Amino acid sequence: MSFDVRDREFVALVGPSGCGKSTLLRLVADLDVPTSGVIAVGGEPPASARRHRLFGVVFQDPVLLPWLDVLANVSLPLEVARGDALDQAAPAALLDLVGLGRFAHARTWQLSGGMRQRAAIARALVLRPRILLLDEPFGALDEITRQRMNVELLRIWSQRPTAALMVTHSIGEAVFLADRVLVMSPQPGRIAAEEVVPLPRPRTFETLASPDFLGCVSRVTKLLLTAVEERRP
Amino acid sequence: MKERRDWVWSVIAIAAVVLLWELAERLVAARFPIVPAPSAIAAAIFRFATPIWLNLQLTLVESVIGLVAGSVLGVALAMLFVAVPRAERSLYNLVITVHSIPLVAVAPLLLIWFGVGITAPTIVAGLACFFPMAVNATRGLRAASSSALDLMRALDATPWQTFVRVRLPASLPYLITALKLGAPAAVLGATVGEWLGTAGIGYLLFSSMVNFQIELLWATMVIATAVALAGYLLFVSFERVFLGWTPAARGPQ
């Protein structure tokens, strides 16, 4: 497979469970090592991109460390990077941006699921990455919270423009968020189709009801169904 | 709040047992001095305060040194196990075997090797808390979630940073559990080690028994129990203060 994500472009990767979309993200983040092929992040291989902190990762599990308060969790990448971070955004300002300004010194277990994921997004942005890697970040949230978080994510992303690559199995979420949706098919995992989302930004709750949105969702749904059908004998 | 009420109830339960014991003693068993009444034991504690305190000091020193040394060695072994899995596979059964040797059998041996003094009881105390620490620390050092380790890798953390910021904090609840078990075990171990010696709480228990000083025996036993319990409660309060983030320290919600 081959694809690229341009600067400040939001690309969503949809596919059925087991098609390898999370693995793909882990390869980009240098959490797993590919057996063959070439991945470049900002023109560098994943391992050196990781060393240069070119990407920030948001996992499905927010992975907040319970022994640190919220602010310390968001500051963790700065602490780990020490002096060699190229650029730093103030963690407190980021907490304000994600709407957790009042919770800087709250304990992580006092936060709701959505708030934890907001903190995780702030943490991923604190080293000003070139690209944000999102692995089903809202997969564990209920539907309403999830939709609110999607709107929030777009608001945050418009304030801190980076490229973004998000893995999700929700077609609606992919279309709502992305400039481009890549459809993956399983066994072997490959990019079966690509759909450019024609929706203008900023996108809001009203976008969800627009004919363009619904049309795009049904096109991607068809592409996904075709991709899965093709694999059946 | 619920926790506080539980605490009140356990004090009431203990008080009720002591009261019943006292009543039974006065009404029924006054002629059998084998089991003195609680009031008689309390009086004996004051009467024998000086010998108990002198011997207790020694036992405390041995227990504290034993707890510290046994725990440090336990953590060291756990680190070896976690860093070198082959070491765990080859040494684990040996450690279990050593732990299975009854301490009452080890104590006289150590007395023969090291002579009468502080060394033998300290070693027994150390052995008693070494094992819970080794087992718990091994589990604790592996307790960090794979997602937290992924996060540290994505942040390009060095192994040392990952250890200090993730693996070590994640292991602390396990270490404090080992210390809660180890503190009373160290007191027990020191006491067993003093059994055949010439001083300490263990010696006092043994000598009062063979000299048929029943009230001194009970008084010493109550003090030894109180000290072991105090050691346990010390680490419970450590847990409350320093490990407020663990579900255990927060209590039932």
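What share of the 233 residues in chain A is buried? In this predicted model, buried residues make up 43% of chain A. The overall dimensions of the chain give a context for that figure. A compact globule of 233 residues would have a radius of gyration near 17 Å, and the 18 Å computed for chain A agrees with this expectation. Along its principal axes, the C-alpha trace of chain A spans about 55 × 40 × 30 Å.

The secondary structure of chain A consists of eight helices and six strands. Read from the N terminus, these elements follow the order β-α-α-β-α-α-α-β-α-β-α-β-β-α. The six strands form an open sheet of mixed pairing, in the order β2-β3-β4-β1-β5-β6. From one strand to the next, the twist averages 20°.

Strands of a sheet pair through backbone hydrogen bonds, in either a parallel or an antiparallel arrangement. The parallel sense is found between strand β3 (residues 131–135) and strand β4 (residues 163–168) of chain A, which pair over five bridges. Within this pair, A:Leu133 has A:Leu165 of β4(A) as its bridge partner. Helix α5 (residues 113–125) of chain A packs on the sheet, where it touches β2 and β3 of chain A. The direction of helix α5 of chain A makes about 165° with that of β2(A).

The antiparallel sense is found between strand β5 (residues 180–185) of chain A and β6(A), which are joined by six bridges. In this pair, A:Arg180 has A:Val196 of β6(A) as its bridge partner. The hairpin of β5(A) and β6(A) has four residues between the strands, and in this hairpin A:Gln187 takes a positive phi near 45°.

The domain assignment divides chain A into domain 1 (1–54 + 130–233) and domain 2 (64–128). The C-alpha centres of these two domains of chain A lie 23 Å apart. Where the domains meet, 13 residues of domain 1 of chain A are in contact with 11 residues of domain 2 of chain A. Helix α6 (residues 143–159) of chain A supplies the largest share of the domain 1 side, with six residues. By residue class, the side of domain 1 of chain A that touches domain 2 of chain A comprises eight nonpolar, two polar and three charged residues.

Chain B is likewise assigned domains, namely domain 1 (1–32) and domain 2 (36–250). Their C-alpha centres lie 29 Å apart. The contact between the chains takes 15 residues from chain A and 13 residues from chain B. On the side of chain A that touches chain B, α2 (46–51) and α3 (70–81) of chain A each supply at least two residues. This side of chain A divides into 10 nonpolar and five charged residues, with no polar residues.

Note on methods. Residues are numbered from 1 along each chain as its sequence is written. Chains are lettered from A and ligands numbered from 1 in the order in which they are written. This is a predicted model: local features need pLDDT of at least 70, side-chain atom pairs count only at pLDDT 80 or more; totals for chains, interfaces and linings use all residues. The radius of gyration is taken over C-alpha atoms; the globule rule is 2.2 Å times the number of residues to the power 0.38. A residue is buried if 20 or more other C-beta atoms lie within 10 Å of its own, exposed if 12 or fewer, and partly exposed in between; C-beta atoms are placed from the backbone. Domain bounds come from an automatic or database domain assignment. Two residues are in contact if their C-beta atoms, placed from the backbone, lie within 7 Å. Ala, Val, Leu, Ile, Met, Phe, Trp, Tyr, Cys and Pro count as nonpolar, Asp, Glu, Lys and Arg as charged, and the others, Gly among them, as polar. Two strands pair if DSSP finds at least two bridges between them. Axes are lines fitted to C-alpha atoms, for helices over the stretch in contact, and angles run from 0 to 180 degrees between N-to-C directions.
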